[in-house]
Amino acid sequence: MTIHLELWQARETDPETSKAAARQSKFRWHSDCDRLLEEFRRAGAAGLTDYEAAVRCGLAASGFWKRCSDLRAAHRIVPTGETRLGPAGRAQMVSRYSEAT
């Protein structure tokens, strides 16, 4: 499954090193989004918190919250209106997969 999101890799004013890093991270960005999106799809209507999705696909040690935010901005996952307690005991938003493209 490949998703297509609008992604600004680097600003014109960024130094060349930042632009090079952005080009190199493009494939990982899409791969991480694809992996997270697949976990939300598998969870069905029950949905997942961002952290739950990240744990299921092995991304809990990375910046998964930004990728989930990107997926919400693209309407690929949508909030259910529910919350669940996260590992720190705080309420976390639950989102579910959306067919929107």
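**Surface, fold and Asp50**

The chain exposes about 6500 Å², and carbon and sulfur atoms supply 52% of that area. The model is predicted.

Reader: What pattern does the chain follow along the sequence?
Author: Start with the elements. The chain has 3 helices and 3 strands. Read from one end of the sequence to the other, their pattern is α-β-α-α-β-β.

Reader: What share of the 101 residues is buried?
Author: A residue must fall under 20% relative accessible area to count as buried. Over the 101 residues of the chain, the buried share is 38%.

Reader: Is Asp50 buried or exposed?
Author: Asp50 sits in helix H2, which covers residues 50-56. The cut-off for buried is under 20% relative accessible area. Asp50 has 13% relative accessibility, so Asp50 counts as buried.

Reader: Which residues does Asp50 touch, leaving out those up to four places away in sequence?
Author: Contact here means heavy atoms within 4.5 Å. With residues up to four places away set aside, Asp50 touches Phe40, Phe64, Trp65, Cys68, Arg72 and Met93.

Reader: Which residues of helix H3 are buried?
Author: Helix H3 spans residues 64-73. An α-helix has 3.6 residues a turn, so residues three or four places apart point the same way. The buried residues of H3 are Phe64, Arg67, Cys68, Asp70, Leu71 and Arg72.

Reader: What part of the contacts with a separation of 6 or more joins residues 24 or more positions apart?
Author: Take the contacts in the chain with a separation of 6 or more. Residues 24 or more positions apart account for 46%.

Note on methods:
Residues are numbered from 1 along each chain as its sequence is written. This is a predicted model: local features need pLDDT of at least 70, side-chain atom pairs count only at pLDDT 80 or more; totals for chains, interfaces and linings use all residues. Side-chain values use heavy atoms; hydrogens and water are left out. Helices (H or I, at least four residues) and strands (E, at least two) are DSSP runs, numbered from the N terminus. Buried means under 20% relative accessible area, exposed over 50%, partly exposed in between (1.4 Å probe, protein chains only). Accessible areas come from the Shrake-Rupley method with a 1.4 Å probe; for residues, only the protein chains shown count as cover.
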